[in-house]
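Work through these exercises on helix packing. Each task is followed by a stepwise solution.

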Amino acid sequence: FGMKSIGEDYQNQRCMYDEAMNVYLDVIESCKTLLMVGENSKLFPVLAVIWYNVGKIQYEKEKLHFALNAFNSSLKLRKQELGEHHPDVASIMHDIGMLQIEIGQLSESLISILKAHNIRRSFFGRNHKDVAVSLFYLGMVLQKLGRYEEALKVYLETVRIEKLVLGDFHPDVAITLCNIGEIHHANGGLELALNRYEQALNILRKSMGHSHHSVARVLRTVGFIHVDRGEYKGALSAFTECSRIIELLTVRCELPEGFDVLCDIYNDMLSIENSYPDSAVAA
């Protein structure tokens, strides 16, 4: 199946998605002919990979429903090849769940990610990085569904595993802490939210540096929480530091695409200074 390798070269090395798709479809047709004459056991792995690659191409072309169909075809073949409880099956289930989130199929996504999680936990045990990944996204879906109490429990277990396998100061720990803070914020627990975001901020400063865009993102959220708490000096301090980081990253041409919020932050700062002149602090 040299054609499979050619398709992967078009897809991964040259980003020539239409050419890759044509090659993959030719391989699929060839495999259908072989399946008709009983040559099936060796074809399942090849077809599973090809259908998965087709799904990735459809995703890149923003044809999400077509991508979902292709991933499901790959999943069916993987199950036939490896059985229902293999970690490779879990990986495809997880990817299906992630795609369902983007499509807006949250209930279906919850089922897919939970199945993937259960396979990974059974195969790897409780304290594995892949288990933490599936738990994180399980919590995210529960959060999107408004099931905050369940999401909070899942995130706390995620943090426990992440700290165990990645260390206390890994950026993934900070991301999960931010999501916990987001839930507390949504529920009106401003002090709890602020505490979680400040924990995340401490981790990101140590792991990514004080001038990383992730630090700026969290600082802006911290500023808004201070505003909600009526702590305008704290808000202005957070917004000021956030703007300093963004200015620095802009000069260095290191600001991520879509993160140009400097004008918004200046407006936030100006609003506080005009409404609460006593809140002014040194930049």
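**Exercise 1.** In which hand of crossing, left-handed or right-handed, does α5 pass α7?

*Solution.* The model is predicted: local features need pLDDT of at least 70, side-chain atom pairs count only at pLDDT 80 or more, and totals for chains, interfaces and linings use all residues. Residues are numbered from 1 along each chain as its sequence is written, and side-chain values use heavy atoms, without hydrogens and water.

- Step 1. Locate the pair: α5 covers residues 87-103 and α7 residues 129-144. Helices are DSSP runs (H or I, at least four residues), numbered from the N terminus.
- Step 2. Take the geometry. The angle is about 25 degrees, and the axes lie 11 Å apart. Axes are lines fitted to C-alpha atoms over the stretch in contact; angles between N-to-C directions run from 0 to 180 degrees.
- Step 3. Classify. α5 and α7 are therefore roughly parallel (angles under 35 degrees).
- Step 4. Assign the hand. α5 passes α7 in a left-handed crossing (near helix turned anticlockwise from the far one by less than a right angle).

**Exercise 2.** Which residues of α5 make the contact with α7?

*Solution.*

- Step 1. From α5, take His94, Met98 and Ile101. Contact means heavy atoms within 4.5 Å.
- Step 2. Their partners in α7 include Tyr137, Met140 and Lys144.
- Step 3. Sort by class: six nonpolar, two polar and one charged. Nonpolar covers Ala, Val, Leu, Ile, Met, Phe, Trp, Tyr, Cys and Pro; charged covers Asp, Glu, Lys and Arg; the others, Gly among them, are polar.

**Exercise 3.** At roughly what angle do the axes of α9 and α10 cross?

*Solution.*

- Step 1. The axes of α9 (residues 171-186) and α10 (residues 190-208) cross at roughly 165 degrees and come within 8 Å.
- Step 2. That makes α9 roughly antiparallel to α10 (angles over 145 degrees).
- Step 3. α9 passes α10 in a left-handed crossing.

Definitions and conventions. Helices (H or I, at least four residues) and strands (E, at least two) are DSSP runs, numbered from the N terminus. Angles under 35 degrees count as roughly parallel, over 145 as roughly antiparallel, 65 to 115 as roughly perpendicular and the rest as oblique.
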